[in-house]
Amino acid sequence: MTNHDIKDIKALLSSSKKIVIVTHKNPDGDAIGSSLALFHYLTKLNHLVTVVTPNDYPNFLKWVPGEDLILKFDLQNDQSSKAIMQADIIFTLDFNAFHRAGDMEQILNTSSALKIMIDHHQQPDGYAKYTYSDVSMSSTCEMIYNFIEMLDDCNLIDSNIATAIYLGIMTDTGSFRFNSTTSRTHQVIANLIDKGADNTFIHNQVYDTNSYNRLQLLGCALSNLKILPEFRAAYITLTQAELQNFDYKKGDTEGFVNYALSLENVVLAAIFIEDLQQGIIKISLRSKGDFSVNLMSRHHFNGGGHTNAAGGKSDLNISETVEKFISILPQYKAALHEV
Ligand code: 5GP
Ligand code: MN
């Protein structure tokens with residue numbers, strides 16, 4: 001994003017606009033945090049702002065200030081479609097290709113609103129008039145902070161905005177440990193605490209609100225964990241029946257794949273989760289060092305993401321998907337041993 005772009009955007013935002021903020025399907029902490037931070041900021045600038053997510057998100061995100069105002073496209077289709085079709089400006093946050101917005105893909109393609117992308121995933125599409133894309137960023141939330149700073153409005157950051165930004169930086173950095181976490185990230189976090197983000201409260205809301213069933217499901221996932229020492233890889237499977245056994249709720253499997261990656265000498269981890277309703281296996285891939293699971297997912301699992309965290313899907317059944325995963329590992333063997 002150039003100085004010229006910022007000047008244009010500042011001019012654009014100098015009069016009241018109808019603005020819609022959209023994010024990716026199955027929103028995570030960064031998606032919800034960045035959307036609500038921008039929502040509060042633009043509302044303060046006197047715009048009429050609506051946040052639309054493609055679908056629902058986990059309960060551990062249902063406390064963020066302004067969350068109750070979010071429209072879910074699948075559940076509130078008429079209201080969401082109307083807001084999108086009437087929008088002057090659409091911000092697309094934490095994704096960079098319309099298909100990542102699930103069933104909203106078509107309406108985003110149809111809409112003639114001016115689009116602004118703020119995102120940190122690799123290989124952005126060119127749909128936006130203004131694109132702020134930076135794969136080195138820890139999170140879209142950190143970019144929202146930068147965006148507000150570029151617009152010279154840090155004085156407008158209040159506790160609602162600070163809380164939402166803190167949330168997304170925290171979740172996307174694995175609580176400030178992934179190597180996308182820089183000294184600048186910590187400086188931003190320090191400023192957010194000064195502006196009213198309650199760090200202990202936010203961590204508790206996200207990480208200390210487990211149900212008993214979720215912990216039992218984790219136990220099941222861990223007992224399904226398999227290690228492939230030859231490839232320094234490990235994977236977890238969860239069938240729909242296992243999810244049902246523990247009364248699965250959206251978000252319950254969040255972070256499970258990290259247990260596989262936490263194994264000594266393992267540098268590649270995967271989780272395969274059966275979704276019979278969609279007829280797919282949802283895949284999450286994680287890696288250590290510079291082994292790119294983004295490329296692995298793009299080449300073999302119809303997905304993508306970041307170097308160390310990517311997602312994808314498979315139309316095969318769960319055991320065939322695992323077989324496919326194992327069958328592609330030999331071509332990565334050397335790279336996995338270089339990490
Ligand atoms: P997760 O494994 O937690 O679902 O996602 C890890 C990262 O990969 C996130 O940044 C997410 O946005 C991205 N991602 C997840 N699923 C997909 C997918 O199906 N396609 C693409 N392109 N990215 C994905
Ligand atoms: Mn993100």
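The numbered points below go through these topics in turn.

1. This is a predicted model, in which local features need pLDDT of at least 70 and side-chain atom pairs count only at pLDDT 80 or more, while totals for chains, interfaces and linings use all residues. Residues are numbered from 1 along each chain as its sequence is written, and chains are lettered from A and ligands numbered from 1 in the order in which they are written.

2. The protein chain is divided into domain 1 (3-207) and domain 2 (212-338), with bounds that come from an automatic or database domain assignment. Their C-alpha centres lie 27 Å apart, and 8 residues of domain 1 are in contact with 9 residues of domain 2 (C-beta atoms, placed from the backbone, within 7 Å).

3. An open sheet of mixed pairing is formed by 6 strands in the order β7-β8-β9-β10-β12-β11, where strands are DSSP E runs of at least two residues, numbered from the N terminus, and pairing requires at least two DSSP bridges. Its edge strands, each pairing on one side only, are β7 (226-228) and β11 (304-305).

4. Within this part of the chain, strands β9 (residues 268-275) and β10 (residues 280-287) run antiparallel and are joined by 8 bridges; A270 stands opposite L285 in β10.

5. The residues around ligand 1 include H24, R100, S284 and K313 (C-beta atom, placed from the backbone, within 6 Å of the ligand). β11 and β12 (309-314) are the elements that give two or more residues to this shell, and β12 supplies its largest share, 5 residues.

Terms used: Contact = placed C-beta atoms within 7 Å. Helix = DSSP H or I, 4+ residues; strand = E, 2+ residues; numbered from the N terminus.
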